[in-house]
Amino acid sequence: MKFLSTAAALLVCLAPVSTTARSLDFFKSSQSPIIHEQGKPVAGDNPLQYCDDPVDDILDIKQVDLSPNPPLPGKTLVITASGTLHEKIEDGAYVLLEVKYGLITLLRQTANLCEQLVNVDLKCPLGPGDMTLTKQVDLPKQIPPGKYTVQADVYTKDDERITCLKALNIEFKGHF
């Protein structure tokens, strides 16, 4: 399950979601997040894309770098991210997270963003202003080989989009 936390960290950048977070009603509205095939890439050495045009997002992501890229089972993944928050993020902000293995949905949950910030040594309220984050994650050797797709849609307590990121076809090879 540590892989799922890592996948969320890749997408939310400033707020990885723990897979032990309590699952809630994933859909805050009647609209379902759809993982599209194409999107604007996030700057840096990473497999990330924006879900939609990020021009109105509260978080302006400058760069995200992963080392190694792509992530490797049994290795330490170093995530370095920088960006600017244009508004204060307060308790009640949340993340809609979806992780798929091929066509199979492994995880679909809503998590409180502020409760998860402790995973990256941050706490609410956040910003506004420039932020930089470096996080090391030890990936387990037992990540099943295959292609994973991850999407994280992040909102304020007032349902304003902070950011939406996705990673398509993250492939892990090898045997455990």
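Predicted model: local features only at pLDDT ≥ 70, side-chain atom pairs only at ≥ 80, totals over all residues.

Tutor: Residues are numbered from 1 along each chain as its sequence is written, and side-chain values use heavy atoms, with hydrogens and water left out.

Student: Why is the pair of Y148 and F172 called edge-to-face?

Tutor: Rings of Phe, Tyr and Trp (its six-membered ring) pair if their centres lie within 6.5 Å; planes under 30 degrees apart are stacked, over 60 edge-to-face, and the rest tilted. The centres of Y148 and F172 are 5.8 Å apart and the planes stand at 80°, so the pair is edge-to-face. Ring pairs also link Y101, Y148 and F172 into a cluster.

Student: What makes Y148 count as buried?

Tutor: Buried means under 20% relative accessible area, exposed over 50%, and partly exposed in between (1.4 Å probe, protein chains only). Y148 has 2%, and is therefore buried; F172, also at 2%, is buried.

Student: Why is the contact of E98 with R108 called a salt bridge?

Tutor: A salt bridge requires a side-chain nitrogen of Lys or Arg within 4 Å of a carboxyl oxygen of Asp or Glu. The closest N and O atoms of E98 and R108 are 2.7 Å apart, so the contact qualifies. E98 is buried at 4%, whereas R108 is partly exposed at 36%.
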